Amino acid sequence: MIPAMQPSAHPIFLLWAHPRSMSTALERVMRERGDCHCLHEPFLYYYYIHLGRRDFPHFDASPDQPRSFDDIVDLIHGESRHRPVFVKDMAYYVMPEIMRHPEMAGQLRHAFLIRDPRRTLMSYYRLDPNFSCEEAGLEAQWRLFRWITALTGVEPPVVRAEDIQRDPRATVGALWERLGLGFVEEAFSWQAGEAPRDWEQMGAWHDRTVRHAGIARDPRADAEVRAEFQTFAGKAPALKAYLDHHWPYYLELSSRSLSVRG
């Protein structure tokens, strides 16, 4: 076990997402702020390469990226000596290992991003039809959320992707306020077609975000998504089982979102 983190000179913000939840778009907003060093899913290397869970598709691993949990934590902490750090990652990458490091986890500023799993499961399946129930991600988010709440005595903020799409400035602004960050208007637009260099290792996963110059809305209504998912699950029955498994965790997190709690 690594020793407890020494207090950082600058804050470390950790956004815990689930796949296809619009987390890369929110990460892009954070990058456009210009005041944080952003790390893109560093714990992916721990889950898929160090633990060897399976081959992750559309992924070109960097030989310079740390693999072990301890080394990734050291990387994040090292960056925080120079400037604030924002990390976007998936909760299932780190559960349950993070629970063995309460001193470290208690020093971070956590937030959670969720999206209707009917939308995310279909999107995930199109890119990776062999993904597992665990990789759908919402159960791990809920378990991590509960653990952090018990550890710190404070519920971390939860934001819904649909709220960000509907009103990016109000929703992300509320998240920033909870995290102790000021509002930066310039963060909500960027040059379409340009991608940060560290996204290149996972290019196929981020095409939509790269193509747009800001937060893009999903034009499909909920009723349309429900019908589409029913048809989709008829061809891929595992998706219905995944939805049934993760739906209660989604509802728990959604009931705690900033749009509900205010």
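Contact here means heavy atoms within 4.5 Å. The views below come from a predicted model.

**View 1. Helix α8 packs with helix α13 at an angle of about 40°.** Here we look at residues 138-152, which form α8, beside residues 238-254, which form α13. The two helix axes lie 8 Å apart. The crossing of α8 past α13 is left-handed.

**View 2. Side by side, residues of α8 meet residues of α13.** From α8 come Leu-138, Glu-139, Gln-141, Trp-142, Arg-143 and Phe-145. Their partners in α13 are His-245, His-246, Tyr-249, Tyr-250, Glu-252 and Leu-253. Sorted by class, this contact between α8 and α13 holds 6 nonpolar, 3 polar and 3 charged residues.

**View 3. Cys-36 is a cysteine without a disulfide.** Searching the whole structure turns up 0 disulfides. For Cys-36, the nearest cysteine sulfur belongs to Cys-38 and sits 5.9 Å away. Is Cys-36 buried or exposed? Cys-36 has a relative accessible area of 13%, so this residue is buried.

**View 4. Cys-38 has its closest cysteine sulfur in Cys-36.**

Key: Residues numbered from 1 in each chain as written. Predicted model: local features only at pLDDT ≥ 70, side-chain atom pairs only at ≥ 80, totals over all residues. Heavy atoms only, no water. Axes fitted to C-alpha atoms, helices over the stretch in contact; angles between N-to-C directions. Helix = DSSP H or I, 4+ residues; strand = E, 2+ residues; numbered from the N terminus. Left-handed = near helix turned anticlockwise from the far one by under 90°. Nonpolar A, V, L, I, M, F, W, Y, C, P; charged D, E, K, R; others polar. Disulfide = S-S within 2.5 Å. Buried < 20%, exposed > 50% of the residue type's maximum accessible area, 1.4 Å probe, protein only.
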